[in-house]
Amino acid sequence: MKKFSRFNFSPTIYLLVSVGFAFFSYILIQVVYSVENQKYINSKLLDLQDQIRQTFQIHFLSLLLWIGIIITISLLSRAAVTRYIKNENRLRSILNTAVDGIITIDEHGIIEDVNPAMERLFGYSPLELVGRNVNMLMPEYYYSRHDKYIQNYIKTGVAKIIGIGRESVGRRKDGSEFPIDLAVSEMRIENQRKFIGLVKDITVRKEIENELEKQLKWKVSLAEFNLAVDQSHEIRNMLERTMQVASIALPASAGACIALWNGKINDISICSSTFMEEHEQQALQRFIYSTKDVPRMISGCKPVIKSKISKPDQLLVGSFIKSYLGVPLCVENKVLGVLFAFEGKSRRYCQDDVEFLQSLANRAAISINRVNLHDDLQSSNALLAVQQGEMRALLDSTSEAIGLVSPEREFIALNKNFYEWFGIEPPVVGSLRFTSFIEQANLIFEKPGLFLSTISRSINDLTGQFEKMFIQVWPERRELKIFSTPVRTDDGHHLGRLFVFHDVTREQEASRAKSEFVSTVSHELRTPLTSIYGSLGLMNGGAAGELSEQAKTLVNIAYQNSERLIRLINDILDIEKIESGRMVFMNKPTLLNTVLTHSIEFTHTYAEQYGISFNLDNSYPQAMVYVDSDKLVQVMVNLLSNAAKYTIRNDIVEISISRQKQKMRVAVTDHGPGISRQFRQHIFQKFAQADMSNTKKKGGTGLGLSISKTIIEKMGGEIGYHSRINHGSTFYFLLPEWQPANDEEGN
Ligand code: ADP
C-alpha cells in the first residue's frame, strides 16, 4: 500500500489566513456599504457626522463579528484536522500492523492496495500484487466462481459475499492452499466502485474445528454403535453395524467385517458408502480370503495398516481400493474376527484412525463374545436339559430310592421311588426341601432318632462310606439297607452325599427263612451226629470189644469224619447266629492266661497228630480281659489248630502275649509255608480256603477265621496277621486290657 502522506498546518498560518480572510471580507463589505452609503448621501443628504459614526460603529462591530467567526471556525477546523490526522495515523498503524490481510480491488478484480499482512499470508510482496488480478490469491477452481460473484453483484446487486463474509480458500505464492475467512465490503471513491477485502488465516481455527467435529462424530457414532451392538443378538447384524459406523466415522469408502470360527473365516459382511457392484464385492471377498493380513492379525492380535496396497493385491481387488486399515476383533486375547476399512485412494492412516477402528472392534468383540457365550449357554442348557432328563430316567429306573443331599442340606436330586416309598407328594416346582423330609422321617422310620442322627452326621463327612439297616414303618413296612457315600465332581469338588435306600425286606425274609432252615437242619443233624460221634469214639476206645484191624480202621475213619461234620455244623450254626444277631456274649473279667492254657489243652491232642507242640511265652500271667471266655477259647483253638494244620511237621508253634498301649496282644506264630499274596485279601471271608486240595486234606471248613474275626470285634478287639512265604505266619488279636478300676467305673 502506498504510504499515506502526513500533512499538518501551523496555527499561525491558520490565524493569518483567517485574519486575511476577515480583512478581505471587511474591505468587501466596506466597499458595498460605501456604495450604498454614497447613494444614500446623495439621495437623502443626512448628517455626515452621524452617518460616519454610525457607519464606523456598524463596520467595526461587523469586523469584530467576522474576526470572531473566523477565529472560531479556524479553531474548530484545527481541532478537526488534528483529530483527523490522529485518526489517520492510528488507522495507518492499524493497517500496517494488522494481523489480517487487507486488500483493495477495483470492480474488475485488479488489486489496488494491500497491507503488509497480505505479504505474510500469501508470500507475495505488495509490488507483486498491486495491479494484478486478485485471482492469483485463490486456487484455480475458485477463479471462475470469484469472477462470477463480482459480475453478478455488479449486475444484480445481489450480494453473496460482499457485506456478508464467508470462508474460502487462499493460495500462497508457493502454491499451497489454506483456509481463509474473507470479509468483503464495497466502497465508492471518486465515483468508482471499489471492494475492500479483509483476509483472515483460519488454518488453526479450522484444524480445531475439524478436530472437534471429528471427535463429536466419533462420539455420536460410538454412542449409536454401542446402543446398536448392545441391543443386537445377532452377530451378522452386529458386524454390519460395526462396519457402517467405521465407514461413516473414519471415513472409509468400504468396510468388511470377518467373523471367525475356530480360527477360520466363518462369515464376511461387506458394506460400502457408495454403490458396490456384485463383482466388486466378490473381488473384495477373494482378496480377504487370500490376503495374509487376516492370519497375521489372528496370530498377532495387532492391526495392519496399508497406506498403499501391493501390486498383486491391486490385481485381485481391482481399482476401487487403494489403501486399507485392518484391526482384530479381540476379547481376552482371543481373536473373534477382523475388521477392515478400505479406501478408494492412497491414504496415510494416522494413529487416531487406528485407535478409533480398534476401539470399535473391541466394542464389537465384547458384544460378539457375549452373543457367543449366550448361544453357548443356550446350547449347553439344552444339552443339560437332555442330560438331566436322561439322568432322571436313569434314577427313576433303578429299584432303589435315591437322594443326593448338598452340604447345605438341600436335596440336589431325588428319584421317583424316593417320593413313592416315603409317601411324599413331589412339589410342582423345584425339589423337596430336606427339612420337610426330616419332619416326615419321624413318621417313616421305626427309630427316627437314630436315622436322623446317622444322616446328619454323615452329611458333614466328606470321605466316609457306610451301610446301615433301618426299618421303615410308614406308609408301609420295609427293611431298608442304606448305603451312603460322598459324591465328588471330576475336578474334585464335593457335591454332596448320596443316600441309596435298598429295600431288602424280601432278602431279609428269605435269609431268615434260610437261616431258620439251616439252623433247624443243623440242630437236627447235630444231635444224632453227636451220638454217632460218641458211639464211634467208644467203639474206637474198645468199649464194644476188640475190633479187627480192618474194622478198627473203618471205625476210625467214621469217627474222624463225624468229628469234621460236627465241627462244620457248629461253625454253620455260629455263622447263622452271628448273621441273625443271635450270638450271645457273656462278657466278664477273664484271666488271659487261663484262656490260653485251656485252648492249648483242647488243641494239644489234635496238634500232636501233626507232630506239633505249643510253646506259651507269657510275661503277663495276670493280664485280664473283659470277654466271653468260651468265645475267646473258640477263637484261640481256631488259631492254634490252623497253625498246627498249615505249618510244617514237627514245628513248635509259639504263643506270645504282649501289651500295646492299653491292649493285650496275643500272637500265634508258626513256621509254615505262609499265606499267598493272592489269598491275603480273602482270608477272613466266609468259606475262604487258600488251597482246596490241601485244606480238604486237613479237614477245614473255611469258616473259622470269619467266625473268629466277628467274635473278637464283638468283644471290642481287632484281629490281624502277617505272613512271609516259606517263613511262616503270625495270627494275632488285640483286646482292651481289663483293669479292676474299669469294673468300678463301667460295669
Ligand atoms: P479252615 O482252617 O477251616 O479252612 P479258616 O477260616 O480257619 O478255615 O482258615 C481259612 C484258610 O486260611 C485256611 O483254609 C487256610 O488256607 C488259611 N490259613 C489259616 N491259617 C493259616 C496258617 N497259619 N498258615 C497258612 N494258612 C492258613
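Visitor: Before we look around, what counts as a salt bridge here?
Guide: Welcome! This is a predicted model. In it, a salt bridge is a side-chain nitrogen of Lys or Arg within 4 Å of a carboxyl oxygen of Asp or Glu.

Visitor: Which residues are linked in a network of salt bridges?
Guide: Side chains of opposite charge can pair when their charged atoms come close. By the rule above, the count comes to 28 salt bridges. The residues linked in a network are Glu167, Asp181, Arg205, Lys206 and Glu209.

Visitor: How many residues apart are arginine 205 and glutamate 209 in helix α6?
Guide: Their side chains meet in a salt bridge, 3.3 Å from N to O. Arginine 205 has 33% relative accessibility and therefore counts as partly exposed, and glutamate 209 is partly exposed too, with a relative accessible area of 32%. Helix α6 spans residues 203-231, and the two are separated there by about one helical turn because they are four residues apart.

Visitor: Is arginine 193 buried or exposed?
Guide: Arginine 193 meets glutamate 186 in a salt bridge of 3.0 Å, N to O. Glutamate 186 is partly exposed at a relative accessible area of 28%. The cut-off for buried is under 20% relative accessible area. Arginine 193 has 17%, so this arginine is buried.

Visitor: Arginine 478 forms a salt bridge with aspartate 503; how many residues apart in sequence are the parts that the pair ties together?
Guide: The closest N and O atoms of this pair are 3.4 Å apart. Arginine 478 is buried, with a relative accessible area of 8%, whereas aspartate 503 counts as partly exposed at 29%. Arginine 478 lies in strand β14 (residues 478-488) and aspartate 503 in strand β15 (residues 494-503), so the parts tied together are apart in sequence by 25 residues.

Visitor: Which residue in the turn of the β14 and β15 hairpin has a positive phi?
Guide: β14 and β15 pair in the antiparallel sense over nine bridges, and lysine 481 stands opposite histidine 502 in β15. The hairpin has five residues between its strands. A positive phi of about 90° in the turn belongs to glycine 492.

Visitor: What is the bridge partner of alanine 401 in β15?
Guide: Strand β11 covers residues 401-405, and five bridges join it to β15 in an antiparallel run. For alanine 401, the bridge partner in β15 is phenylalanine 501.

Visitor: Which are the edge strands of the open sheet of five strands?
Guide: The order in this sheet is β7-β6-β10-β9-β8, with antiparallel pairing. An edge strand pairs on one side only, and this holds for β7 (264-272) and β8 (304-306).

Visitor: What is the bridge partner of alanine 259 in β10?
Guide: Strand β6 (residues 254-261) pairs with strand β10 (residues 334-343) in the antiparallel sense, over six bridges. In β10, the partner of alanine 259 is glycine 337.

Visitor: At about what angle does helix α11 run to β9?
Guide: Helix α8 (residues 278-290) packs on the sheet, touching β6, β7, β9 and β10, and its direction makes about 145° with that of β7. Helix α11 (residues 351-397) lies across β8, β9 and β10, and its angle to β9 is about 40°.

Visitor: Which residues make the nonpolar surface patch of about 430 Å²?
Guide: One member, leucine 64, is found in helix α2 (residues 48-97). Leucine 64 counts as partly exposed because its relative accessibility is 45%. The patch is made by Phe56, Phe60, Leu61 and Leu64.

Terms used: Residues are numbered from 1 along each chain as its sequence is written. This is a predicted model: local features need pLDDT of at least 70, side-chain atom pairs count only at pLDDT 80 or more; totals for chains, interfaces and linings use all residues. Side-chain values use heavy atoms; hydrogens and water are left out. Patches are made of residues with over 30% relative accessible area and no salt bridge: like charges are joined within 9 Å, nonpolar side chains (Val, Leu, Ile, Met, Phe, Trp, Tyr) within 5 Å. Accessible areas come from the Shrake-Rupley method with a 1.4 Å probe; for residues, only the protein chains shown count as cover. Buried means under 20% relative accessible area, exposed over 50%, partly exposed in between (1.4 Å probe, protein chains only). Two strands pair if DSSP finds at least two bridges between them. Contact means heavy atoms within 4.5 Å. Axes are lines fitted to C-alpha atoms, for helices over the stretch in contact, and angles run from 0 to 180 degrees between N-to-C directions.
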